[in-house]
Amino acid sequence: MSTIHTGQRLVGRDAALATTGAALAEASVGTGGVLLVTGEPGIGKSAVLAAQSRLAAAAGTRVLRGIGWQGPGAPPYWLWTQVMRGLPLDGLGDATRLLETTTPSDATEAPEARFRLFDAVGRALAGLATTTPVLVVLDDLHWADDQSLRLLEFLGRTMAAQRVLFLGAYRDGEAGALLRELAAAGPVLPLAGLDVDGVSALMAAVAGPVPSAELADAIRRRCGGNPFFVRELTRLMIAHGSWSADAEIVPDSIHETLRVRVERLSRPCLELLEVAAIAGVEVVPELLAQAVPNIEPDIGDLLEEARRARVLVTEASRFRFAHDLYRETVLARTPAGRQRQLHAGVGHALHTLSAHGADPAAVGGAARVAAHFVAAGPAATEQALHYSVLAAQEATGRLGHENAAHHYTTALNLLRDVESDTPRRVELLTSLAGAWNRAGNPHAARDAYLRAAPLARRLPDPAALAEAALGIAALGARSGTVDPACIGILEEARALLAAEDSSDARATHSRVLAALARTLRHAAPGCLDPTAAGAAQDAVRLARASGEPAALAHALLAQHDVIWAPGTAGQRLPVLLEMADAAQRAGDQDLAAEAVLLRAAALIEDGDPEGPAELAHYTRLADRLGHARGRWGALSRRATLAAVAGRVAEAEALADEALELGMAIGLPDAHGCYGTLRGSLTAIGGTSVAITELMPAADPLWPIFPLLKAWTLVLSGNLDTARETMHGFSVQSVPAKHDLEMVSVTATVFAAVGTDAQRAWCYDTFVPHTGRHAVVGGCASYHGVVDHYLGVLATALGRAEVASKHFTDAIAHYERLGACAWAQLSSAELARLRPESAAAGDGDTFQLEDGMWRLRFGAREVWLPDAKGLRDLATLLASPDRPVHVFTLLGREDPPAGADPVLDRRAVAEFRSRLGELDTEIDEAERWRDEHRARRARAERTALLTQLRVASGLGGRARRLGDDTERARKTVSARIRDALRRIDRVHPALAGHFKTTMHTGTHCSYNPDHPRHWRL
C-alpha cells in the first residue's frame, strides 16, 4: 500500500477518481454494487482508494475500511472484522460473531449460521445506509481469505438496491480463482502507468525541481510509469546527487531499487526490520521488545531511523511499512534459517503477551501465534500443535470452517512429528471431519471419519467409533443408494457398545441403532428391511432404558421411518406424537417440528382435512426455529400448501425463493424438493421445468429418467416425443417408494403413451391405494389422489363406467382435503366421459345429477360435488330479479330480533391500536428487508381488518350479536361465497357472471343485465 499524491491531489489519476466518484454517486441514490481497482504493485491502487475515501468523507458519506492480511496468521473474515468495528454493536446481530470467538452450539447448523452471518452483515450495512451513503473500502483483496471474498460476493449481489458501494483493490497478478471470478462478475478499473507529464509532476513533487522532459521520459520507460517506482527512483537519484537521464545509478527493477534503499540503513536497524517484517505489516514496539529483548541501540531510535528513510511511516502514532513491497524486500534478503529463528522468537513473544496463552485474542488470535510456531519448524512443534488446535476452535467460532479444517490438518501433520498418540489423532480426525462438514465439503468430512474409524476400532474406543459412525450417517445419502462403509462402521459401533452398560452408553448405543435403521431403510425405500425394523425396536428400548429424551426422539424417528409405506399412516401417527413429546422434553425444537411435518404428511396421505392445517402449523414452527434451514422448511412447505390449494403462481414463487435459500445454505434436499414440487404444479397449469436441469446423471433415479422426461412431455401435450422417449422402457423399472409419488408419474405417462398391458399392470398395482393421496416425503410436494390416476388409466383402458366412479370419488376426496383445483382435473375428465350431457344443448345449465352439479355457461361445462351454497344459487336462479329472504334459503320461520353489538367500543379501540402497531412493524420490517416478519404482520393486519368489517354493517353501523336474522344472513352469505370460490376454480367466467349478478344480504337475489334461460 502507498499513497502517492501531491498535497491532497493525486497525480495522474483524475480519470480513475472520476470513475470511482461516479460509482459512489450511483450508490448514493440506491444503486450500489462492487467496483474493483486492479493493477501491479505500486501502481497506485491504495492511493486511489485513499483519495476517494477522503472525498467521500468530506461529502458526508460514512467510510468503513478493511485490509487483507498477508500470510497465514489472519483469522477468518479478518477483512470484515475491521469493517464491522466501525459499526455500533447494537446493530450487528449475528455479525457480532466477527468480533468474537465463540463456538457454535450445534455444528450441523453451520451452513445456516454462515448464511445468518452474511445476512446480518448486509442488514447492518443497509441499516447504516438508511441515514447516509456508505463506502466500504477493501484493500489488498489478493490477501483476503476465501470466506471474506464469498461474503463480498454475497453482499454485492444482495445489496444492489442499497446505498452502499464496495470499493476494493487487488494485485491482478496475485488474484486467486475466487477473486478472479468475483472480478469477472462486475466492473473492474485497471490502473496503468503514468504518462510523461504525470511522471514529471510526481518527480517534481518528490524532489522539488521539475525534471527535464528527457529525464521524465527515461524514468517512465524504465519503470513503466509505476508511481511508486517513480518516487523511489527519484529519491535514490537525489541521494546519489544525480539528476540526469544518463545516471548510472538507476537500477533495473523496483525490487533492486528497494533493496538498495533498505541496505543504506544501519545493521541494527535492518535486523530490527527483519523481526518487524516477520511479525506483520504493522510494527508494534512492544512485540519487538519482547522478541528481541537485548537489542542496541534503543528500539525507538531504530524505528525513527527507518521512518526518516521512509521505509516506515506513522499513522495515528503507530508504525507500519510504507509499502508492502518494502516488507517483501526485507523478507527476501533474510535467509531461511534466520527466518525460522525469528518466527520462533515472535511466536514466543506473542505467547508471553497473550498472558502465556490465556488470552490469544489480545495478540490477534491463536491463528497468528500458530502461524509463527508452524513456520519456526521442528524446534517449536509442540507449541505449533497446541496453537493450531486453538486456532481451529477459534476459526469455528467465527464460522471460518475452511480455516478450521486447515488448522486441524496442520495439527495432524505436526502430531506425526511429536508422538504416536492414537486417541489424540482420533480426536483431531473427528474434529477435522466436523470442520469439513460445516464447510460444506461432505466428501472430505467422510474421508476424515473413515480415517478415524479404524484407529478407534484398534484402541478400541466405542464412543469414538460411534462418533465416526454417526458422523458418516449424518452426512446422508440420496434415497435409494446403499452405503456399505457407513453400514459396516455402524454395525461395528453397535457391537462394541453392546458390552457397555452405563446410561450414556445406552443412549449412544440407541443413537447408533437408530442411525443404522434409517440408513438401511432409506437405502431400499421400496421394501421393509427386517434388520432395520429390529434395529429401530432395539433403539427405542435402549433409549427408554437410558432415560434420555433426545435419544428416544431419534429412536422413534427411526421407528417411524422403518414402517413408512403407503397405507401405514395409522401406525405412524402415534409414533410421531410420542416423538414430538420426547423432542420437546429434550428441548430439541428442530426434531419436534420434524415430527409435526411428518404427521402432516401422514394426515394428507389419508386425505384428512386436518393435514393442511398441520402442515401450516409446521411452517409456523419452522419460522420460529430462528435459523435459515427453518426458513427454508417454512418456505418450501408453504409452497406445498399453495400447491394443494391450487394457488399455482404463489407455489411457484415460494418454491423459487426456497430453492435460492436452500442453495445458499448448502441443503442437499433443496433441488430435489424444488423439482418434485415444480413437476407436480405442471399438472394444474404450472410452468414446466426441464428435468435435465434437476437431475444429474449421478442421481440414483437416473435409470427412470426416460419416464420422468416423458411425464413432462405428456403434461405439455407432446405425445409423439413422449412415446419415443419411452421406447424400450419397462414398467418393471419403476422403483417402489415409501410414498406414492411414482403413481402420478407412471399413470400419467402410460395412460397417454403406454400399452394396454402396461396400463393394466399400473391399474392393478395402484388400486389397493384408493382414497390415498400422493404426498412426497415430508410434504415436499403434492401430486393428487390415487383415485384420479386410476380413473385416467381406466379411461385409457376403455372402462368408462369404472373411470367415472374413480373420478367422482377423486372429486369427493379433493373437496374433503380442500384441493379444489385438483378436483377440476377430475371434473374435466368426468365431463369428457359424459359427452351426452354436453350434447343436450348449448343453453346455460345448473343441474344436480347423481350427487354432482353440472354447470354449463358459454361453451364450457364443468362438474362439482354437491354443496349447500350451490343449492342456494340454484334457488336464486329459479327466481331471477326476485328477492329471496335468507330464511327461505335456510327453510326456517322468522325468529325474534335484537342483540348486543358484535364488538363493543373498547374492543374496536383495541383493534385499531393494534393496527397502528402493525403498520409500524411492517414499515420497520420492510426497511430491514425482513420479508417473513413483514408477511406475518401483514397477515395479522388483514385478519383484524376482516373482523372489523364483519362487525360493521352498512355505513359503519355496529352489527348486533345474537340477532337470528344476522346469523342467517352470515350463514347464507358464507355458503354462497364458498360456492362462488368453488366455481371460480373450475369455471372463472361463470363465477365472474355470478359475482356481478348475485346479491346477498337479508334478502338475496339474482339480477342479470338481460334475461338468461337456465336449465335447472
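**Close-up 1. Pairing of strands β13 and β14.** In this predicted model, strand β13 (residues 844-849) runs antiparallel to strand β14 (residues 852-857), and five bridges join the two; helices (H or I, at least four residues) and strands (E, at least two) are DSSP runs, numbered from the N terminus, and two strands pair if DSSP finds at least two bridges between them. L848 stands opposite W853 in β14. Residues are numbered from 1 along each chain as its sequence is written, and side-chain values use heavy atoms, with hydrogens and water left out. Local features need pLDDT of at least 70 and side-chain atom pairs count only at pLDDT 80 or more, whereas totals for chains, interfaces and linings use all residues.

Close-up 2. The order β15-β14-β13-β21 describes an open sheet of four strands with mixed pairing. Its edge strands, each pairing on one side only, are β15 (860-865) and β21 (1014-1015). Helix α40 (residues 868-877) lies across β13, β14, β15 and β21 and runs at about 130° to β13, while helix α45 (residues 988-997), which lies across β13, β14, β15 and β21, runs at about 85° to β14. Axes are lines fitted to C-alpha atoms, for helices over the stretch in contact (heavy atoms within 4.5 Å), and angles run from 0 to 180 degrees between N-to-C directions.

**Close-up 3. Packing of helices α20 and α22.** Helix α20 (residues 442-458) and helix α22 (residues 484-497) cross at roughly 30°, and their axes come within 12 Å. That angle makes α20 roughly parallel to α22 (under 35 degrees counts as roughly parallel, over 145 as roughly antiparallel, 65 to 115 as roughly perpendicular and the rest as oblique). The contact is made by R446, L450, A453 and R457 of α20 together with A485, C486, I489 and E492 of α22; by class, it has five nonpolar, no polar and three charged residues. Here Ala, Val, Leu, Ile, Met, Phe, Trp, Tyr, Cys and Pro count as nonpolar, Asp, Glu, Lys and Arg as charged, and the others, Gly among them, as polar.

**Close-up 4. Packing of helices α1 and α2.** Helix α1 (residues 14-28) packs with helix α2 (residues 45-58) at an angle of about 50°, their axes lying 10 Å apart, and the two are therefore oblique to each other. On the α1 side the contact is made by A16, L17, T20, G21 and L24, and on the α2 side by V48, A51, Q52 and A56. By class, the contact of α1 with α2 has six nonpolar, three polar and no charged residues.
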